[in-house]
Amino acid sequence: AEQLRPYIAASSDPDYWTRHIVTIQRNTMITAAATAVGINMTFLLPYSMLRKGWDKAFRGLATFDLATGLFVPFLLATSCVVIAAASQFHAQYDPGLVGEGGPTAITEKLQKDYDKNLGAFTGSAPSGSPDGAAPRAEDSVNLADRQLAVMTIKSDSGALAISLENVTGNKTVAQYVFGIGVVGMAISTIIILMLINGFTFTEALGAQNAGVMHRVGSYMPAFTGALGFLLIWGPIPESRFWFAIPTSRIGMMLLPIAYITFFMMMNNRKLMGESIMTGGKKAAVNIVMVAAIFVATFGSALAIWETKMNIPGTEQSVRPFLIGGAIAFIALAVIVQATRTSSSKA
């Protein structure tokens, strides 16, 4: 980013900070893309339309419903978040951490993460440098290095809430506003996941919608989410707020499967019947779908390969588990499809 270039140029190791910042930016963009256009929309929207009985005659209403109920609120909410984050955090640092001024309300909050970033740069952090840099002497670190170490901190919920004090002028109000927003986001997300899992459960078991199995499937994410937080993630504070990142990466891994399935369905004459696309419209849609499949697949592979996160509380990288899970998932899909094909022929 343009605002970071002067600091990188003034640092003692521009190559290190360039690699480090680009990695952070790329991982964040992959996470954002997976969250914005995730498996939730691609799965829940078709099922909800079928459930409501919206066929071809309801296409106009469906488009209006999608725009006003999903796109417009999403655009407004994300725009506000991006603008606020850019205003409060982008290319900015706390003077108290780099010795340019007295401590502020956020200095103590960021001290641990600042020490971790600077330790990774010097090679003195427990995990060493994530970019493979050789250990550096402490006196080789200049002011720009320290400033960049602050700028690349991943702000947690506490830091984000503190940033709202500039808007509200009151710490208590800022904490409540941010807290209510996070709670609302969590509740809306778990409701969506419950709806999706209910549809998935009934489809996998061949059960009836709105029946007992549908309710069981819908309640599963609520129970597993609560138990996971209480027993696994809750006791590790640093994992709570940023657990959305690996979760979104898993969603990105599943996205190509949805896109490929839609592509095959739209070009299946037996399935589409008279509604199948023809001529120039078919060619245009297929070109766009192939491009979407390529981007989603590339992003999915990159999301797995570029993962440098460890399992919270350990030094074990999650990458081998992601790669193994992806291979196992593809193999299972091929085996199941081959079994179904042979059974239908028999």
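## A nonpolar surface patch

In this predicted model, Ile 250, Leu 254, Ile 257, Phe 329, Ile 330 and Val 334 form a nonpolar patch on the surface, and together they present about 530 Å² of accessible area. Two helices, helix 13 (244-266) and helix 16 (319-345), each supply at least two residues of this nonpolar patch.

Phe 329 counts as partly exposed because its relative accessibility is 44%, a value that lies between the 20% limit for buried residues and the 50% limit for exposed ones.

## Helix 10 and the residue that follows

Helix 10 spans residues 171-205 and so contains 35 residues; from its first C-alpha to its last it reaches 51 Å, which is close to the 51 Å expected at 1.5 Å a residue. Within helix 10, the buried positions are Ala 174, Phe 178, Met 194, Ile 196, Gly 198, Phe 199 and Thr 202. Just after helix 10 comes Gly 206, whose phi is positive, at about 70°.

## Two buried loop residues

Ser 11 lies in the loop that joins helix 1 (5-10) to helix 2 (14-36), and with a relative accessible area of 8% Ser 11 is buried. The side chain of Ser 11 reaches the backbone oxygen of Ile 8 at a distance of 2.7 Å. When residues up to four places away in sequence are not counted, Ser 11 touches Trp 17, Asn 142, Ala 144, Asp 145 and Leu 148.

Ala 91 lies in another loop, the one between helix 4 (59-88) and helix 5 (95-98), and Ala 91 has a positive phi of about 55° although it is not a glycine. Most residues other than glycine have a negative phi. Ala 91 is also buried, because its relative accessible area is 17% and the limit for that class is under 20%.

## The salt bridge

A search of the whole structure finds 1 salt bridge. Arg 5 forms a salt bridge with Glu 2, and the closest N and O atoms of the pair are 3.1 Å apart, a separation that falls within the 4 Å cut-off for such a contact. Side chains of opposite charge can pair when their charged atoms come close.

Note on methods: Residues numbered from 1 in each chain as written. Predicted model: local features only at pLDDT ≥ 70, side-chain atom pairs only at ≥ 80, totals over all residues. Heavy atoms only, no water. Helix = DSSP H or I, 4+ residues; strand = E, 2+ residues; numbered from the N terminus. Expected span 1.5 Å × (residues − 1). Buried < 20%, exposed > 50% of the residue type's maximum accessible area, 1.4 Å probe, protein only. Polar contact = N/O pair within 3.5 Å; in protein donor to acceptor, adjacent residues only side chain to side chain. Contact = heavy atoms within 4.5 Å. Salt bridge = Lys/Arg side-chain N within 4 Å of Asp/Glu carboxyl O. Patch = residues over 30% accessible without salt bridge, like charges linked within 9 Å, V, L, I, M, F, W, Y side chains within 5 Å. Areas by Shrake-Rupley, 256 points an atom, 1.4 Å probe, with all protein chains shown as cover.
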